[in-house]
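Subject: Structure handover

Hello,

Here is the structure I promised to pass on. Please open it alongside this email; my notes follow below.

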Amino acid sequence: MRSITAHLNAASVRRRHVALVLIAVLLMPLLPLAGATGAEAASCPAPAGAAPRDDAGPADADVVVHGHGYGHGMGLSQYGARGAALLGCSAGTILRTYYPGLTPRDVPLAGQVAVELLVGGLRAQVRAEGGPVTWRSGAAAVTQPAGTAWSVVRAGSGLAVRSGTEASAPEVPALRTAPGAPLTVDHPGVVTRTSTWSASGTTGLVRRSRGDVTRLVGGPTGLTVHEVMRDDRRGRAVEKYLRGLGEMPVSWPVEAQAAQVVAARSFLLGKWRGSEGAYVVRPTTSDQVWLGADKEEEDRRYGGKLAAAVATTSSGGSGTVMTTPGGSVARDLLYASSHGGWSESNTYVWGSTQVPHLRPVDDSRWDEASGNPYRSWTVGLSWEQVARAFGFSRVDAVSLPERGRAARTGGVTVTGVRDGRVVRASFTGQQARDRLATVDPAVRSSGFTFSVPSTTEGVAIAGDWDGDGLDEVAWWHAGVFTLRARDGGLRTVAFGPKGGVPVAGDWEGDGRDSIGVFDDGWWYLGDASSSGALERTVRYGTSGDLPAPGRWAAGSADGLGVVRGNHWLLRPSTTSGAATAVLSYGRRGDAMVPGDWDGDGRDEPGARRGNTFHRSGAGAIPFGRPGDSPLAGRWLTRTADLPGVGREGTVWALTREDGASMQRLPLHR
């Protein structure tokens, strides 16, 4: 897909500009593509500088998709080009910004373009709207009167023509063709309407064109229909094609139109087909939207900006295209409706090797000026919808790279249960967008990130998320961690089974704690990145056990532990296997809270009963209220852990052994 155009509401744009359009095209000449003039340099602002904010999204959703823009997000942004032109930027500046490293240059053009209306179809119909047209089959030539519609149907593997649209209309015998033999309709300058039907009989494309030739060929696989434009006294084929391009509203500024025309011409040159002796292109978003005579007539009504853009970027048999540093015409010259502040890398969208000119570009200032209705959008989804979209019975974690200045080098990673097994699956940005759109079509682009609405419900945990030696807090509720940084910043991570128990630990021994979830003897252990991606799953313990991770042996990494009754079964690594130590501590029904109570670098058992923390080797401390979420952390000093409790979105942390001082750590700012 090269572009999304359905929502480029030309009618709404016309309403805003119709009073100015007729004079605007006369007063706004195109600036040269080769470089910015002094006037432009004074008026054209840098593309960056107005980054859009993510909307909060619905509070009752399990997952919020925060998106920007519409389409695949690579290359030129059509709305961004509009904003740039409104701000005084030239087509050349627009193109060089969205295609870094490429240069506009005039190149010779071939003399024929074939628009592929139908392949392997059932039938077609040609209406002679603007005057009589001439049908040819071999040496035979038959005139179709103006205002009539003739049908073309398959006859074996060849074609037959009927002088009407009904099945009973008489055949024109001279126009019957053998398999593979072309049937043509000559109509240079005369508007025809060609309608097509697919092999299944459903209505296909309908396009109006003023020439030059409609070519129809029958074969074993069905009917093929091309609308062909040629170099002749009426003009150049490529210019005729471009004047019918439907990729941008005709009321938009002429410099935006010129940038679009150059991008479209460059793309067209990559569609050369030697067997046809023509550039062969489909007239839909699968290649480029081409609307033919409908677009030309609309353009004339609103001042002719598209025609002017085609003319000013054409010279004789040549036209302006984007070229590589080596001088060749650039391939993969993609464009989309809008990026909403950042274009995307093809490595993220498609998972393909980096194309130098398809890398992130900050166009936030231009996009802000464009009136882009999809600059920012949000979609709320349930976990069930997310699981269905990605083919899981249950989703435990979703991660993707941050959108922004650096190219997103990875795609979207989803971890969950599929066919009864815990699996991890990767998707490109485009694949993820397409899958999410099956459960909610309002997911409009690959330019999205995830978040989970914050909540004060759930269980408080503590962890050293940033590796500074002191603990911060997090809140767990229904499969979602909300982590609080020391500066008060929050991030939410969807991770693990909703019915599990949250845990934290330094699984890698790198000085930073990571999140995890324990569920029926399975440990889901995350990494320390902002995405919270699942690192591995480990089987240790059974259903009914309580998790008790900790640093049970000398070293830098935490291990696993479970409490069964009042028996602590400890293992100093994050691997499956037998317990290496079994201790008895606490009573059945206690809340088990391990911690480094004596500051020796190793954890010891602890238990909270009522409102009292009992600590192995360190004595009991009353703190908090019954029903609070108990936890342990290193709050103000790097010597030993002290108790804390979570209550209604706030952690109260004890900062002195005698209970005379405590710290309030609200989850929210």
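Is R234 buried, partly exposed or exposed? R234 has a relative accessibility of 30%, so it counts as partly exposed. Keep in mind that this is a predicted model. Every value below is computed from it.

**Overall picture**

The protein chain holds twelve helices and 44 strands. Its C-alpha trace spans about 105 × 65 × 45 Å along the principal axes. The radius of gyration is 33 Å, whereas a compact globule of 669 residues would come in near 26 Å. Of the 669 residues, 56% are buried. Contacts also reach along the sequence. Take those between residues at least 6 apart: 60% of them join residues at least 24 apart.

**Salt bridges**

Back to R234. Its side chain meets that of D232 in a salt bridge, at 3.9 Å from N to O. The cut-off for such a pair is 4 Å, so this one falls within it. D232 is partly exposed because its relative accessibility is 32%, between the 20% and 50% limits. In general, side chains of opposite charge can pair when their charged atoms come close.

The count for the model is 31 salt bridges. Two others are worth a look.

E535 and R536 form one of them, with an N to O distance of 2.3 Å. E535 has 27% relative accessibility and counts as partly exposed. R536 is partly exposed too, at 24%.

E657 and R615 form another, with their closest N and O atoms 3.0 Å apart. This pair links distant parts of the chain, 42 residues apart. E657 sits in the loop between strand 43 (650–654) and strand 44 (662–666), while R615 belongs to strand 39 (residues 612–615). R615 has 4%, so it is buried.

There is also a network. Salt bridges with shared partners join E129, R193, R208, D294 and E297.

**The disulfide**

How many disulfides are there? The count is one. C44 and C89 form it, with their sulfur atoms 2.0 Å apart. The torsion about the S-S bond is about 95°, so the disulfide is right-handed. C44 and C89 lie 45 residues apart, and the pair links distant parts of the chain. C44 is in the loop between helix 2 (38–43) and strand 1 (63–67). C89 is in the loop between helix 3 (78–86) and helix 4 (91–98). Both cysteines are under the 20% limit for burial, so both count as buried: C44 at 18% and C89 at 1%.

Three strands make an open, antiparallel sheet in the order 3-18-17. Strand 3 (103–108) and strand 17 (314–315) are the edge strands, each pairing on one side only. Strand 17 pairs with strand 18 (residues 318–323) over two bridges, in the antiparallel sense. Here S315 stands opposite S318 of strand 18.

**A buried serine**

S345 lies in the loop between strand 19 (335–336) and helix 9 (346–349). Its relative accessible area is 0%, so S345 is buried. Which side chain does S345 contact? The side chain of T347, through a polar contact of 2.7 Å.

**Backbone points to check**

Most residues other than glycine have a negative phi, and most peptide bonds are trans.

- G211 and D212 are joined by a cis peptide bond, with omega about 25°. D212 is in the loop between strand 12 (203–209) and strand 13 (213–219).
- D419 is not a glycine, yet its phi is positive, about 55°. D419 lies in the loop between strand 22 (412–418) and strand 23 (421–427). With a relative accessible area of 73%, D419 is exposed.
- D520 also has a positive phi, near 50°, and is a residue other than glycine. The loop between strand 30 (514–519) and strand 31 (522–526) holds D520. At 44% relative accessibility, D520 counts as partly exposed.

Best wishes

How values were computed
Residues are numbered from 1 along each chain as its sequence is written. This is a predicted model: local features need pLDDT of at least 70, side-chain atom pairs count only at pLDDT 80 or more; totals for chains, interfaces and linings use all residues. Side-chain values use heavy atoms; hydrogens and water are left out. A disulfide is a pair of cysteine sulfur atoms within 2.5 Å. Helices (H or I, at least four residues) and strands (E, at least two) are DSSP runs, numbered from the N terminus. Buried means under 20% relative accessible area, exposed over 50%, partly exposed in between (1.4 Å probe, protein chains only). A polar contact is a pair of N or O atoms within 3.5 Å; within protein, one must be able to donate a hydrogen and the other to accept it, and residues adjacent in sequence count only if both atoms are side-chain atoms. Two strands pair if DSSP finds at least two bridges between them. The radius of gyration is taken over C-alpha atoms; the globule rule is 2.2 Å times the number of residues to the power 0.38. Contact means heavy atoms within 4.5 Å.
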